[in-house]
Amino acid sequence: MNPPDNKPLARHGGDRVADALAALGVPCIFTLCGGHISPILSAAKARGIRIVDVRDEVTAVFAADASARLTGRPGVAAVTAGPGISNTITALKNAQLAQSPVVLIGGAAPTALQGRGALQDIDQRPLVAPHVKRFIKLRRVRDLGPAVTEAFELAQSGVPGPVFIECPVDLLYDEASIRQWYADAAGKGTSLPDRALRWYLGRHAERMFAGSHEHAPPVVRPVTTPLAGSGPLAKALAALQRAERPLFVIGSQAVVMAAEAQAVADAVARLGVPVYLSGMARGLLGRDHPLQMRHQRRNALREADCVLLAGVPCDFRLDYGKHVRRSATLIAANRSAKDARLNRRPDIAALGDAGQFLRALAQAQPTPPARWAGWVDTLRGRDQARETEIDEQAAARGEFVNPLAFFRALEAEAGDNAVFVADGGDFVATASYVLHPRGPLTWLDPGAFGTLGVGAGFALGAATARPDREVWIVFGDGACGWGLAEFDSFVRHGIPVIAVVGNDAGWTQIAREQVKMLHDDVATVLARTAYHEVVAGFGAAGIEVRQMDQVVPALRQARELARSGRAVLVNVWLDKTEFREGSLSM
Ligand SMILES: Cc1ncc(C[n+]2csc(CCOP(=O)(O)OP(=O)(O)O)c2C)c(N)n1
Ligand SMILES: [Mg+2]
């Protein structure tokens with residue numbers, strides 16, 4: 001919409017932010033509007049940056065996070081002051097724990113009114129600062145552009161993570177309007193306090209706009225990759241050469257430089273060491289690489305005599321380090337010194353980018369020793385035995401759909417270019433054993449924060465960053481509740497994601513243990529809700545599946561609809577299974 005009087009707009013602070021974003025090559029901003037940030041959104045739009053507006057600020061930050069993980073470049077979200085910012089906290093924390101470079105731009109009350117009871121004015125620093133690498137507080141117009149380029153560099157450097165830029169609204173509108181606004185606020189009174197206020201506000205405006213009249217183009221700052229030294233590399237190489245049963249566990253941090261993920265994959269394939277992939281590294285080696293194991297990781301870790309944890313801390317997922325045998329040589333390659341040493345001190349700490357470390361190892365290692373073949377075969381054999389068990393469990397027939405059989409079907413039907421977003425409990429854990437991500441960066445899950453509700457935002461980020469991909473959300477019926485309103489965003493923006501909801505009418509991952517230990521299913525029971533009808537209300541396509549023989553036709557129809565540009569939700573009625581019996585994460 002043009003301004004009602006059609007007068008050209010004076011240059012304003014929003015233009016400075018947008019100029020910096022454009023210089024950085026930002027393709028897209030995820031947002032939910034608010035008066036505090038309007039100038040940024042309209043200036044960014046005018047520079048050809050896509051503005052994707054959503055229904056909850058948390059979605060905007062999840063989307064920026066997913067986009068960052070898939071492109072290796074910071075994802076950008078902009079939200080309004082106060083509640084706009086407080087709504088993002090879960091996603092900010094999630095991005096921080098996942099070490100994902102997100103730049104969040106937040107509005108704020110006018111500088112002169114902060115702390116005086118202005119609309120949505122709260123002290124935002126204590127709310128946000130614990131979850132970001134830096135809280136950048138701005139008081140001068142001329143700092144807007146440099147703050148954006150600084151935030152980009154910071155978000156990606158060292159251990160990547162979110163950075164917050166607080167932009168008070170009076171920095172964002174044009175100087176004449178703001179000066180007029182301050183003049184009106186100061187009034188025309190002649191008393192001493194009136195004159196003092198006028199003087200104070202005049203000086204305040206001078207400071208705000210000081211130095212803003214020279215216009216220097218934004219300077220993009222280079223990002224340096226932290227590299228492990230040659231000492232740890234030589235030691236790790238020697239340890240590998242001595243090993244009889246080496247094992248790699250490769251996690252998200254090995255692929256933070258997304259553009260180089262394929263080079264990391266090639267290196268891992270050349271190294272010839274059996275490997276388990278986790279987090280964003282799932283899919284690194286493609287669908288069915290002979291070195292990649294999917295099952296019985298705990299046993300493999302207990303037997304291995306040399307373990308490289310590449311971008312993986314010894315947290316709950318490795319039972320705090322207890323899964324690795326004491327006598328094994330433990331090598332930790334990690335950008336974070338804290339993560340490299342978490343719960344267990346490694347014998348060799350290679351502090352630097354884990355992906356680059358793998359590449360350096362592959363370059364330095366001669367061909368893999370022939371004696372490793374037996375070890376690889378042992379692990380392969382176990383993996384295949386587990387696959388046979390899964391096939392047997394998948395064959396069991398019940399009243400509705402068997403989740404294992406469902407994922408076997410999805411594995412066969414989803415395109416070779418599929419990206420899977422995982423959001424849920426048991427249903428998603430089953431998916432993670434049965435689905436084979438197609439290649440590097442084709443699997444997204446929340447990470448160590450274990451956050452339900454990431455699905456819609458992650459899918460939005462994935463679909464905008466990778467418009468050539470088929471984006472699937474694997475949703476628990478509980479988890480899908482957070483994101484259903486975003487089908488409105490998918491429809492408005494023509495984003496054809498396909499959601500499959502495992503409808504077991506409950507928060508099953510919790511119910512399983514709660515009922516067993518406390519004999520009470522309180523708060524874990526849901527209804528067989530018609531989620532497919534809910535999304536139809538937003539204009540998306542909804543399909544219901546209650547029987548196994550409906551699964552393949554429904555998946556094919558869903559792909560067809562998505563290809564024609566529609567967002568789709570397939571609501572799949574599930575049987576209860578014993579597949580996840582006994583698993584509990586604390
Ligand atoms: C934001 C958030 N709230 C609560 C939880 C606790 N939680 C973990 S798994 C789970 C159940 C998930 O249910 P659903 O999505 O239906 O998947 P299911 O286990 O039934 O397959 C819950 C509530 C969480 N991880 N995150
Ligand atoms: Mg459920």
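Select helix α8 (residues 175-186) together with helix α9 (residues 192-209): the two pack at an angle of about 165°, with their axes 9 Å apart. Helices here are DSSP runs of H or I with at least four residues, numbered from the N terminus. Each axis is a line fitted to C-alpha atoms over the stretch in contact, and angles run from 0 to 180 degrees between N-to-C directions. Helices α8 and α9 are therefore roughly antiparallel to each other, a word used for angles over 145 degrees, while under 35 counts as roughly parallel, 65 to 115 as roughly perpendicular and the rest as oblique.

The model on display is predicted, so local features need pLDDT of at least 70 and side-chain atom pairs pLDDT 80 or more, whereas totals for chains, interfaces and linings use all residues. Residues are numbered from 1 along each chain as its sequence is written, chains are lettered from A and ligands numbered from 1 in the order in which they are written, and side-chain values use heavy atoms, without hydrogens and water.

Next, select helix α11 (residues 261-271) and helix α14 (residues 354-364). Their axes lie 8 Å apart at an angle of about 45°, and the two helices are therefore oblique to each other. The crossing of α11 and α14 is left-handed.

Move on to helix α15 (residues 372-394) and helix α16 (residues 403-413), whose axes come within 7 Å and cross at roughly 115°. Helices α15 and α16 are therefore roughly perpendicular to each other, and their crossing is left-handed.

Now select ligand 1. Which residues are the closest to ligand 1? They are D426, F427, G450, D477 and G478, among 17 residues that surround the ligand, each having a heavy atom within 4 Å of it. By class, this shell has six nonpolar, eight polar and three charged residues; Gly counts as polar. Colour α17 (426-434), α19 (477-483) and α21 (508-518), each of which supplies at least two residues of the shell. Helix α19 gives the most, with four residues.

Finally, display the polar contacts, pairs of N or O atoms within 3.5 Å. A nitrogen atom of ligand 1 is 2.9 Å from a polar backbone atom of G450, and an oxygen atom of ligand 1 is 2.9 Å from one of A479. The protein covers 77% of the 590 Å² of accessible area that ligand 1 has on its own, computed by the Shrake-Rupley method with a 1.4 Å probe.

Key
Polar contact = N/O pair within 3.5 Å; in protein donor to acceptor, adjacent residues only side chain to side chain. Left-handed = near helix turned anticlockwise from the far one by under 90°.
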